[in-house]
Amino acid sequence: MIVEKRFLTFAIHRPLALECGAGLGPVTIAYETLGRLDEGGKNAILVLHALSGDSHMAGRYSEEDPKPGWWDIMIGPGKAIDTNRYFVICSNIIGGCMGSTGPSSTNPATGRPYGLDFPVVTIGDMVKAQKALIDHLGIKRLLAVVGGSLGGMQVLEWCLRYPDMVRSAIPLATTAKHSALAIAFNEVARQAIMADPNWQEGNYYGGARPNLGLAVARMIGHITYLSDEAMRRKFGRRLQDRTDLSFKLDVDFQVESYLRYQGKKFVDRFDANSFLYITKAADYFDIGEQHGGGSLVKAFSKAKAKFLVVSFTSDWLYPTYQSRELVQAMKKNGLDVSFCEIEADWGHDAFLLPNERLSSLIKGFLECAGRGG
Amino acid sequence: MEVEKRDIRFDLKIIASWIEPGSRVLDLGCGEGTLLHYLREHRQVVGTGIEQHEAEVAACIAKGLTVLQGDLNQEVLDYPDRAFDYVILSQTLQQVYRPRELITSLMRIGSRVIVSFPNFSHWSIRLQVLMRGMAPKNQQLPYDWYNSPNIRVITLKDFRRFVEDLGFKVMEEAPINTQNQDRYGSIVRFLPNLRATYGVFMIGRANETR
C-alpha cells in the first residue's frame with residue numbers, strides 16, 4: 001500500500017482564530033488518505049494521532065520504504081479499519097513538526113522559524129484546523145473519528161465542537177482532562193528541554209539542537225507509556241551487555257539502555273519546541289471545563305455520536321477510572337455508548353500494539369455504525 | 001407459546017414475547033448478547049447491555065451491540081429516570097447482594113423490570129433437603145454450598161411478596177419448566193411453586209394498569 005503525503009494551505013488572507021486570542025495564518029496541514037470516498041461521501045473515517053505521531057497512519061511511502069505508518073496493524077485492506085470499505089484520513093496536528101504548521105515552520109512576518117513566537121495552540125485549535133481539511137475534502141459528515149491518547153482527546157473535541165459532523169467516535173486510552181500526575185510528567189519533560197543550553201529560548205534552528213533535553217523528555221514519556229508489569233517482563237533487572245555491575249556511571253541495566261535508545265531515536269525525527277507546545281495543549285485540555293462550564297455531563301449534552309470507549313488495565317497515564325468518567329457523562333445524556341476495559345500488560349501504549357481484541361471491537365463497531373445502526 | 005427462533009433459551013423467549021417492538025431495553029448481565037441480538041432482530045429494540053467479563057463484552061461489541069463493561073449494581077446508578085422501557089435481570093437475582101436496592105434502582109430507570117430466577121421451592125429440591133438432609137444440588141443449581149454464586153434462596157411465592165413489599169406490582173408471571181441452557185420448555189399452570197424450575201416475572205408500578 002503506497003501512500004503520499006499531501007498538503008493543504010488555508011487561512012491565507014484571514015488567519016485562523018486560536019483559543020489564546022492570537023491568529024495563525026497561513027496554516028498548512030499535512031495529510032494522507034487511504035481508500036476511496038464513496039458517492040454519498042458517507043464512508044469517511046478520520047484517524048487522529050497521538051503526541052509523537054503524524055499523518056502517516058499506515059502503508060509505505062515507496063516500495064523501498066522499510067517502515068510502515070504508525071497504525072499499520074489497524075488500517076489497511078481487510079484490517080479492522082478496512083481501506084477497501086472506508087475512506088481513511090489522517091492529518092498532522094498544528095503545532096507539530098511533520099508537515100503541518102508548527103514552531104519550526106517559517107513565520108511569514110520574519111521569514112525565519114517561529115520558535116517561541118508560535119502561539120500556544122489547544123486541542124480545540126487542532127480540531128478546528130482539521131475541520132478545514134474535512135471541508136476541503138468535501139465531507140459533510142464523518143462515519144467515525146478514531147484516536148488514542150492525545151488523539152482520543154481530539155476525538156472527544158470533535159464530538160462536542162462539531163456534533164453534527166460525527167456519526168460515531170472511538171476514543172481509546174484517553175481522558176477528559178489531564179490528572180496532576182500527567183501534568184507533572186509533562187512538566188518534567190519540558191524542563192529537561194528548556195534546561196538544555198542548546199535550547200536558547202527556542203531559537204536553535206540553524207544551530208545545535210537541544211537533543212539531550214529532548215531525549216530526556218522522551219525517556220520520561222516512555223516510562224509513562226509502559227507499566228510496572230511491562231517493565232518487569234521486558235527488562236527486569238537484567239544487565240545490558242555485561243555480567244556484573246560496572247561500578248561506573250555507565251549504562252548497567254537493560255531498561256537504561258532501552259530508554260537511552262528511545263531518546264536518541266526520537267531526536268532525529270522530532271522538534272523540541274513542538275514537544276513543548278503539544279504537551280502544553282494536552283495539559284490545557286479539560287473538556288468539561290471548556291464545553292460544560294466545569295461539568296462533564298453538561299459538556300456531553302452537545303454530543304450526538306455513538307461512542308465506543310476503550311481503556312487498558314495497565315494504563316497508569318490515563319487509568320480506566322478516567323474512561324469511566326467519560327462513559328458516565330455519556331450515559332447521563334442518554335448517548336449510545338459501549339465500553340470495554342481490555343486486559344493488557346503493556347500500559348498506555350497498548351492501543352498501538354497488535355491486539356486482536358481491540359481490532360475486533362473496532363471492526364464490529366464500525367460495521368454497525370456504517371449500517372446506521 | 002410461539003417459538004420464533006430455536007437458538008435462544010426458553011426463558012429468554014418468554015421474556016422476548018413480553019417486549020413491545022421498538023422499545024428501549026437494558027439487559028443486565030447480558031453475557032454474549034444472545035437476548036439483545038434476538039431482540040434487535042425480532043423486536044427492533046434499542047438495546048444496551050451491561051456485562052462484567054471482558055471477553056463477553058468484546059463479543060457483544062464485535063456483533064455491533066451496545067454494551068458496557070462494569071458491575072451492574074454500579075452501572076445502573078448513572079442512568080436518568082425511566083431511561084428504558086424494560087430492564088431485564090435474567091437469572092442473576094439469586095446472585096445479587098442487595099436485591100431490594102437493586103430492584104428499586106431498576107424500577108427508577110425502567111418502566112418495567114423483567115426478572116427471572118431459579119425456583120428454590122421446586123419439588124426435587126424440597127425432596128433433596130427432606131430426604132438427604134443436605135444443601136440441594138441439581139441442574140439449575142449445580143453448586144455446593146461453599147462455592148455457589150447463588151447466595152439468595154428465592155421461591156416464586158417469596159418473589160411475589162418481595163415485589164408487594166417494595167410497593168410494586170407483578171404485571172406478568174410465567175412459571176416455567178425448563179433445564180438450564182435449554183431451548184425447550186413449558187409454562188407450568190398447575191402448582192407452579194412446586195413444579196416450576198424457573199420463575200419469570202414482569203413488574204411495574206402499583207398504580208399502573210397493564
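At roughly what angle do the axes of α11(A) and helix α3 of chain B cross? Let's work towards that. Keep in mind that this is a predicted model.

Start with chain A. It has 373 residues, and 50% of them count as buried. The secondary structure comes to 11 helices and 14 strands. Take the principal axes, and the C-alpha atoms of chain A fill a box of roughly 65 × 50 × 50 Å.

Next, contacts within the chain. Take those with a separation of 6 or more. In chain A, 70% of them join residues 24 or more positions apart.

On to domains. Chain A is divided into two parts. Domain 1 is written in two pieces, 6-178 and 286-370. Domain 2 covers 183-278. The C-alpha centres of these two domains lie 26 Å apart. Where they touch, 23 residues of domain 1 are in contact with 18 residues of domain 2. On the domain 1 side, the residues divide into 11 nonpolar, 10 polar and 2 charged.

Now the partner, chain B. Here 23 residues of chain A are in contact with 15 residues of chain B. Which elements of chain A each supply at least two residues of that side? They are α10 (320-332), β14 (337-342) and α11 (356-370). The largest share comes from α11(A), with 8 residues. By class, the side of chain A that touches chain B has 9 nonpolar, 6 polar and 8 charged residues.

That brings us back to the opening. Two packed helices are described by the angle between their axes and the distance between the axes. For α11(A) and α3(B), residues 54-62 of chain B, the axes cross at roughly 35°. They come within 7 Å.

Who makes this contact? From α11(A), we have A:R357, A:S360, A:L361, A:K363, A:G364 and A:F365. From α3(B), we have B:A58, B:I61 and B:A62. By class, that gives 5 nonpolar, 2 polar and 2 charged residues.

To recap, then. Chain A has two assigned domains, with centres 26 Å apart. Its side towards chain B draws its largest share from α11(A). And α11(A) crosses α3(B) at roughly 35°.

Notes:
Residues are numbered from 1 along each chain as its sequence is written. Chains are lettered from A and ligands numbered from 1 in the order in which they are written. This is a predicted model: local features need pLDDT of at least 70, side-chain atom pairs count only at pLDDT 80 or more; totals for chains, interfaces and linings use all residues. Two residues are in contact if their C-beta atoms, placed from the backbone, lie within 7 Å. Helices (H or I, at least four residues) and strands (E, at least two) are DSSP runs, numbered from the N terminus. Ala, Val, Leu, Ile, Met, Phe, Trp, Tyr, Cys and Pro count as nonpolar, Asp, Glu, Lys and Arg as charged, and the others, Gly among them, as polar. A residue is buried if 20 or more other C-beta atoms lie within 10 Å of its own, exposed if 12 or fewer, and partly exposed in between; C-beta atoms are placed from the backbone. Axes are lines fitted to C-alpha atoms, for helices over the stretch in contact, and angles run from 0 to 180 degrees between N-to-C directions. Domain bounds come from an automatic or database domain assignment.
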